[in-house]
Amino acid sequence: MALVLTDEQVMLRDNARGFLSKNAPIAHLRKLRDSHDADGFSRPLWKDFVDLGWAGILVPQTYGGLGLGHVEAGVIMEELGRTLTPSPFLSTALLAANAIARAGNEKQKSEYLPKIVAGDLIGTLAVDETAKHRPDKTAMSATRSGNSFVLNGAKTFVLDGHVANIYIVAARTAGKPGETKGLTLFIVDSSAKGISTERTPMVDTHNAARVSFENVNVAADRVLGEIDAGWKNLEGTLNVGRAAVAAELMGAADEAFGRTVGYLRERKQFGRLIGEFQALQHRAANLYCELEISRSAVLKALQTLDESFESAGAIVSVAKARAGQSAILAVNEAVQMHGGIGMTDEFDVGLFMKRVRVGQELFGDANFHADRLARLNRY
């Protein structure tokens, strides 16, 4: 497939860009941050997302969703990256919806997916337990107790965990940390007895939480997929998240680059526009090439998720690693080329740098994915 968007995807991108630039500019993020909003996102804006159909973008039409693909989801994520908009789109519409749609039984799909589409339910994935993304190191235990399981442990960096209604939890029913066998996915109600949640906003003001589970009883009918064989579904869901974050990183990087080029064309020094200096032209040209290469990798990853979901792991890792590195280069260059004002909070460039730093770490940094790619190619 050609590495270009279709006419319909271009239309979706343009509509999303127009809507977000009008209803969720950078000032929207600043308002949420400065007012110390308890939710960390705008519920009226999320309702608008729901009305646009975005909450059900990956949900099959059978359950009320749009039934679109990962390319379309990536298009929206890229536009969210341009405006740095905090929302449950990634956690709910992509991670939770994908996990349930692909691994859930008919009862689970019928119960949860229509609620996600209607905006009546916020869901998220709870997988990481340490400062670095290492899903195979999951140590949280799920012990069989009659016709249910008892969960004990804690999850960190749970996106929108403080407002979620359900968690898709990865826990160990067999084996030991470091093994992929023995992992099981559970759908856990956030109001269940024994769950405590601590909101831990990230440096970019976006939402995350630490969620602790102490003797949390989960019925067997809330197992998502097969017992002891959750790794395949977990990796599939994480691949969706990784490709989506890569798309968001490209949006943030492209916006930072565009603002920098605009500044080079208007800032004068020594009586000349600084964009006329060859050294800065070379740096801008190099950055443009880096972004275009990464953009192609991200689009290929999203297309592969649509065409061959089970075999998308390698290209997703390439896309996530490249997008993270290119985005970091873009925001670093933006701060440097803007000079002193680039370091101030009043100037938006620093906000892009913070989001990119978080996105680089989310679901695995470049080193994680380089190692993962090597392991995938080994077999």
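Reader: Why does Arg30 count as buried?

Author: In this predicted model, Arg30 has a relative accessibility of 16%. Buried means under 20%, so Arg30 counts as buried.

Reader: What makes Arg30 and Asp345 a salt bridge?

Author: The closest N and O atoms of Asp345 and Arg30 are 3.5 Å apart. A salt bridge needs a Lys or Arg side-chain nitrogen within 4 Å of a carboxyl oxygen of Asp or Glu. The pair therefore qualifies. The structure holds 31 salt bridges.

Reader: Where do Asp345 and Arg30 lie?

Author: Asp345 is in the loop between helix H9 (313-338) and helix H10 (349-361). Arg30 is in helix H2 (residues 26-34).

Reader: Why is Asp345 called partly exposed?

Author: Its relative accessible area is 36%. Buried is under 20% and exposed is over 50%, with partly exposed in between. So Asp345 is partly exposed.

Reader: How do you know that Asp348 and Arg259 form a salt bridge?

Author: Their closest N and O atoms are 3.1 Å apart, and the cut-off is 4 Å. Asp348 lies in the loop between H9 and H10, and Arg259 in helix H7 (residues 231-264), so the pair ties together parts 89 residues apart in sequence. Asp348 counts as buried at 18% relative accessibility. Arg259, at 29%, counts as partly exposed.

Reader: Why is the pair of Tyr167 and Phe213 called edge-to-face?

Author: The ring centres are 6.2 Å apart and the planes stand at 75°. Pairing needs centres within 6.5 Å, and edge-to-face needs planes over 60 degrees apart. Both conditions hold, so the pair is edge-to-face.

Reader: What makes this pair a tie between separate parts of the sequence?

Author: Tyr167 lies in strand E4 (residues 166-172) and Phe213 in strand E7 (residues 208-219). The parts they tie together are 46 residues apart in sequence. Tyr167 is buried, at 1% relative accessible area. Phe213 is buried too, at 3%.

Reader: Why is strand E3 described as largely enclosed by the rest of the structure?

Author: E3 spans residues 148-159, and nine of its 12 residues are buried, so the strand is largely enclosed.

Reader: How do you know that E3 pairs with E2 and E7?

Author: Pairing takes at least two bridges. E2 (residues 141-145) and E3 have five, in the antiparallel sense. E3 and E7 have nine, also antiparallel. Ser145 stands opposite Ser148 in E3, and Phe149 opposite Val218 in E7.

Conventions:
Residues numbered from 1 in each chain as written. Predicted model: local features only at pLDDT ≥ 70, side-chain atom pairs only at ≥ 80, totals over all residues. Heavy atoms only, no water. Phe/Tyr/Trp six-rings, centres within 6.5 Å; stacked < 30°, edge-to-face > 60°. Helix = DSSP H or I, 4+ residues; strand = E, 2+ residues; numbered from the N terminus. Buried < 20%, exposed > 50% of the residue type's maximum accessible area, 1.4 Å probe, protein only.
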